[in-house]
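Let's take a friendly walk through a protein model, starting where its chains meet and then looking at each chain in turn.

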Amino acid sequence: MEVRFTRGKSAILERSLTRPKTEVSVSAFALLFSEMVQYCQSRVYSVSELQARLADMGQGVGASLLDVLVMREKNGKRETKVLNILLFIKVNVWKALFGKEADKLDGFPAKVTVHWHKGTTLMIKFDEAVIARDKTLDGR
Amino acid sequence: PLKHNSELFTLTYGALVTQLCKDYENDEEVNKQLDKMGYNIGVRLIEDFLARSSVGRCHDFRETADVIAKVAFKMYLGITPSVTNWSPAGDEFSLILESNPLVDFVELPDNHSNLVYSSLLCGVLRGALEMVQMAVDVRFAQDTLRGDNVTEIRMKFIKRIEENLPVGDE
């Protein structure tokens, strides 16, 4: 496979989006995430600012993940009804992030907002604290 | 040993690099920051590594190289780079990475041509080895993100760090 970086038409766009075969250890992720939290902590003066920074970083992750998952699992069809969206998160997204489905639909702090921008764009904003907590729970 | 597919990891690292590019003026600064964060990770990672692998103390740099490539990289990143290009003195070698989960689907935009995206790895290796009394220099010799065919990490042994014995009462 041509890996050379080409100007103009990029070879990366040709790559398939199937689940990557490489598996990284949970501790690699945990160490990286912990370092990211510490980095943010060093640049803010309040907890809410810290949460905002982390959420900002998570937002990009969520947006990319959404695209990949929708392509892969749902053949490019995005859910537009709220209940279906939440089900999508519960089943597909959580599985992609944590390897299993979320236990309950109610009670986890994740803000789902529908964002209107040149058509319907769904922005799923993950509370990074939830991800962190869930990851440590998974690690036990 | 808990493993998970690399997507979240790749995206999270990408979010970090993106954030650093926003926070710092130029690529060199971002490289330095990534290296520093990698170092912090490395000094903690080594303990996790020693606890989870049954590897004993390495007797020489060659053994170290093998352990890094075949055990550590496999354990944490799910890849096994090859060890090549040994210097005649046996104090320098290359790790050739055919693939790298940190950079899946990553492209460097034109205005960041000096960014060494995976700089974190250099710091991790340096920090981890320092904790086992080895001072090394780690740098990227080749980088697929910058147009090379493979990614090559060059590792050079600098010196053995003397264990600091606690100062007794004089």
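How much area is buried between chain A and chain B? About 4000 Å², with carbon and sulfur atoms giving 62% of that area. Buried area here is the accessible area (1.4 Å probe) that two parts lose on being put together, summed over both.

## Before we go on

This is a predicted model, where local features need pLDDT of at least 70 and side-chain atom pairs count only at pLDDT 80 or more, while totals for chains, interfaces and linings use all residues. Residues are numbered from 1 along each chain as its sequence is written, chains are lettered from A and ligands numbered from 1 in the order in which they are written, and side-chain values use heavy atoms, leaving out hydrogens and water.

## Where the chains meet

Chain A brings 42 residues to the contact, and chain B brings 42 residues as well; contact means heavy atoms within 4.5 Å. Three names to look for on the chain A side are V24(A), L31(A) and Y39(A): together they supply 16% of the area that chain A buries against chain B, more than any other three residues.

## Chain A

Chain A has 4 helices and 3 strands, and along the sequence they follow the pattern β-α-α-α-β-β-α. Helices (H or I, at least four residues) and strands (E, at least two) are DSSP runs, numbered from the N terminus. Of its 140 residues, 36% count as buried. The cut-offs are these: buried is under 20% relative accessible area, exposed is over 50%, and partly exposed is in between (1.4 Å probe, protein chains only). If you take the contacts in chain A between residues at least 6 apart in sequence, 44% of them join residues at least 24 apart.

Now zoom in on L69(A), which sits in helix α2 (residues 47–74) of chain A. L69(A) counts as buried because its relative accessibility is 1%. L69(A) and F88(A) are 19 residues apart in sequence, and their C-alpha atoms are 9.6 Å apart in space.

## Chain B

Chain B has 4 helices and 5 strands, running β-α-α-α-β-β-α-β-β from the N terminus on. Its radius of gyration is 17 Å, close to the 15 Å that the globule rule gives for 170 residues, so chain B is as compact as a globular protein of that length. (The radius is taken over C-alpha atoms, and the rule is 2.2 Å times the number of residues to the power 0.38.) The C-alpha trace of chain B spans about 55 × 35 × 35 Å along its principal axes. Buried residues make up 54% of the 170 residues in chain B.

Have a look at T10(B) in helix α1 (residues 7–23) of chain B. T10(B) counts as buried because its relative accessibility is 8%. Setting aside neighbours within four places in sequence, T10(B) is in contact with P101(B), L102(B) and D104(B).

## Two loop residues with positive phi

Which loop holds N85(B)? N85(B) is in the one between β2 (82–84) and β3 (92–97) of chain B. Its phi is near 55°, a positive value in a residue other than glycine. N85(B) is partly exposed, with a relative accessible area of 46%.

F105(B) lies in the loop between β3 and α4 (119–130) of chain B. F105(B) has a positive phi of about 65°, although it is not a glycine. At 36% relative accessibility, F105(B) counts as partly exposed.
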